[in-house]
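Hi,

Here is the structure I promised to pass on. Have a look at it first, and then read my notes below.

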Amino acid sequence: FKVIIFVSVVGVALFAVYMYFYYGRENIDININQTIENETVPSSTLLYRNIDRNFSIWYPSDLSIKEHDEGDTTYTIVFADKNNEKSFQIFFTPYIDTSITRSRILKDVKSGKFSDPIEIVVGNNIHALTFVSEGEFGKLREVWFIHDNYLFEITTYDTLDSWLADIMTTWKFFQINPAGRR
């Protein structure tokens with residue numbers, strides 16, 4: 001009799017786990033789409049969604065995307081046109097500090113040359129630091145911010161500053177609410 005009860009309890013538990021994952025994943029898609037339904041879609045753009053870091057961005061449709069896993073949950077995502085004349089990249093890595101420090105900038109800007117640091121607000125109320133860096137690729141416009149213990153670094157050529165600014169206005173973080181969670 002104890003064996004029957006044990007098997008029944010295990011069966012119910014497995015069924016519950018199955019239902020959670022089956023319906024939870026369905027809900028994830030619904031929740032992501034709901035965050036997009038009320039947006040005005042910029043013309044000639046496509047939507048990029050990153051489920052791992054829970055963000056989306058509208059990017060020009062003539063760009064292709066290449067994602068690079070750098071290891072240890074660090075990624076680089078490159079958006080570029082076929083001639084590499086217009087491009088930007090998103091880099092994100094785990095980050096335990098609560099602010100962007102000069103030493104962190106110097107760690108990633110190898111030349112140590114950066115200027116015009118300004119705090120801005122992009123996307124859905126994301127406070128960011130923007131500055132111009134100089135290095136082997138010339139002058140670059142950089143936009144850095146911290147979200148959910150990750151440092152995000154968005155970079156393009158300085159001459160594409162206003163182009164990137166338009167793209168960054170579409171940046172949104174979204175929340176995933178699996179079934180049964182609030």
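**Salt bridges**

Arg104, Asp108 and Glu153 are linked in a network of salt bridges. Before going further, the ground rules: this is a predicted model, in which local features need pLDDT of at least 70 and side-chain atom pairs count only at pLDDT 80 or more, while totals for chains, interfaces and linings use all residues. Residues are numbered from 1 along each chain as its sequence is written, and side-chain values use heavy atoms, with hydrogens and water left out.

For a salt bridge I took a side-chain nitrogen of Lys or Arg within 4 Å of a carboxyl oxygen of Asp or Glu. Searching the whole structure gives three of them.

The cut-offs are under 20% relative accessible area for buried, over 50% for exposed and partly exposed in between, with a 1.4 Å probe and protein chains only.

Asp161 and Arg141 form a salt bridge too, with their closest N and O atoms 3.2 Å apart. Asp161 is in helix H3 (residues 161-168) and Arg141 in strand S8 (residues 138-147), so this pair ties together parts that are 20 residues apart in sequence. Asp161 is partly exposed, at 30%, while Arg141 is buried, at 11%.

**Sheets**

Seven strands make up an open sheet with antiparallel pairing, in the order S3-S4-S5-S9-S8-S7-S6. Its edge strands are S3 (64-71) and S6 (113-122), each pairing on one side only. Two strands count as paired if DSSP finds at least two bridges between them. Neighbouring strands of this sheet are turned by 20 degrees against each other on average, direction ignored; axes are lines fitted to C-alpha atoms, for helices over the stretch in contact, and angles run from 0 to 180 degrees between N-to-C directions. Within the sheet, S7 and S8 run antiparallel and are joined by seven bridges, and Ser133 stands opposite Leu140 in S8.

There is also an open sheet of three strands, S1-S2-S10 in order, again with antiparallel pairing. Strand S1 (45-50) and S10 are at the edges with a single partner strand each, so one side of each is left without a neighbour in the sheet. S2 and S10 are joined by two bridges, and Ser56 has Lys172 in S10 as its bridge partner.

**Rings and core**

How many aromatic pairs are there? The count comes to 20, using rings of Phe, Tyr and Trp (its six-membered ring) with centres within 6.5 Å, where planes under 30 degrees apart are stacked, over 60 edge-to-face and the rest tilted. Among them, Phe131 and Trp144 have ring centres 5.3 Å apart and planes at 65 degrees, so they are edge-to-face. Phe131 is in strand S7 (residues 126-135) and Trp144 in strand S8, so this pair ties together parts 13 residues apart in sequence. Phe131 is buried at 0% relative accessible area, and Trp144 is buried at 0% as well. Phe145 and Trp171 are another edge-to-face pair, at 5.3 Å centre to centre with 85 degrees between the planes.

Phe145 and Trp171 are both buried, and they turn up among the residues with the most contacts inside the largest nonpolar core, which has 25 residues. Such a core is a set of buried Ala, Val, Leu, Ile, Met, Phe, Trp, Tyr and Cys residues joined through side-chain atoms within 4.5 Å. H3 gives the largest share of this core, four residues.

Cheers
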